[in-house]
Amino acid sequence: MSPQPTQPLFADLLAHLTRTSVLGPAEAARVVAEVLAYFSETTTEFVQRRHGELQARGLTNDQIFARITEELPARRVAAPELSARQLRRIVYG
């Protein structure tokens, strides 16, 4: 379960956002919640989401798996290096 922005841990961040942007407290909390959810995505969830996004753009699986392989090391927690076969297993089971 990912941390929630209402936890005391994020009080300083929420105060900073409301002080330095046009965001109100509720909007700042929503933005922080979205960022936390994005960065708490597992490798499997990321691969499945990106596959769907890239497939919707009309890319082939070979293009998709090459792109995902390039993107994985840039994730917040670097994912292990995965082969195209491992990526296919994540997507198709």
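In which helix is the place of Tyr92? Tyr92 belongs to helix H5, where helices (H or I, at least four residues) and strands (E, at least two) are DSSP runs numbered from the N terminus. The structure is a predicted model, in which local features need pLDDT of at least 70 and side-chain atom pairs count only at pLDDT 80 or more, while totals for chains, interfaces and linings use all residues. Residues are numbered from 1 along each chain as its sequence is written, and side-chain values use heavy atoms, with hydrogens and water left out.

The overall architecture may be considered next. The protein has five helices and zero strands, and its pattern along the sequence reads α-α-α-α-α. Its radius of gyration, taken over C-alpha atoms, is 17 Å, well over the 12 Å that the globule rule (2.2 Å times the number of residues to the power 0.38) gives for 93 residues, so the protein is more spread out than a compact globule. The C-alpha trace spans about 45 × 25 × 20 Å along its principal axes.

Of the 93 residues, 25% are buried; buried means under 20% relative accessible area, exposed means over 50%, and partly exposed lies in between (1.4 Å probe, protein chains only). Among contacts between residues at least 6 apart in sequence, 42% join residues at least 24 apart.

The interior can be described through its nonpolar cores, each a set of buried Ala, Val, Leu, Ile, Met, Phe, Trp, Tyr and Cys residues joined through side-chain atoms within 4.5 Å. The largest such core has eleven residues, including Phe46, Leu54, Phe65, Leu82 and Ile90. Two or more of the core residues come from each of H3, helix H4 (61-71) and helix H5 (84-92). Apart from this core lies another, made up of seven residues, among them Phe10, Ala28, Ala29 and Leu36. Within the largest core, Leu82 touches Thr43, Thr69, Leu72, Leu87 and Ile90, when residues up to four places away in sequence are not counted.

Leaving aside neighbours within four places in sequence, His51 is in contact with Asn61, Ile64, Phe65, Ile68, Val91 and Tyr92. Arg50 is also placed in H3. With a relative accessibility of 9%, Arg50 is likewise counted as buried. Beyond its neighbours within four places in sequence, Arg50 is in contact with Arg57, Arg67, Ile68 and Glu71.

Tyr92, with which this account began, touches His51, Gln55 and Asn61, not counting residues up to four places away in sequence. Tyr92 and Gln48 are 44 residues apart in sequence, and their C-alpha atoms are 9.0 Å apart in space. Another pair, Thr42 and Ala56, is 14 residues apart in sequence and 21 Å apart in space, C-alpha to C-alpha. Thr42 is found in the loop between helix H2 (25-39) and H3, and Thr42 is partly exposed, at a relative accessible area of 38%.

Methods:
Contact means heavy atoms within 4.5 Å.
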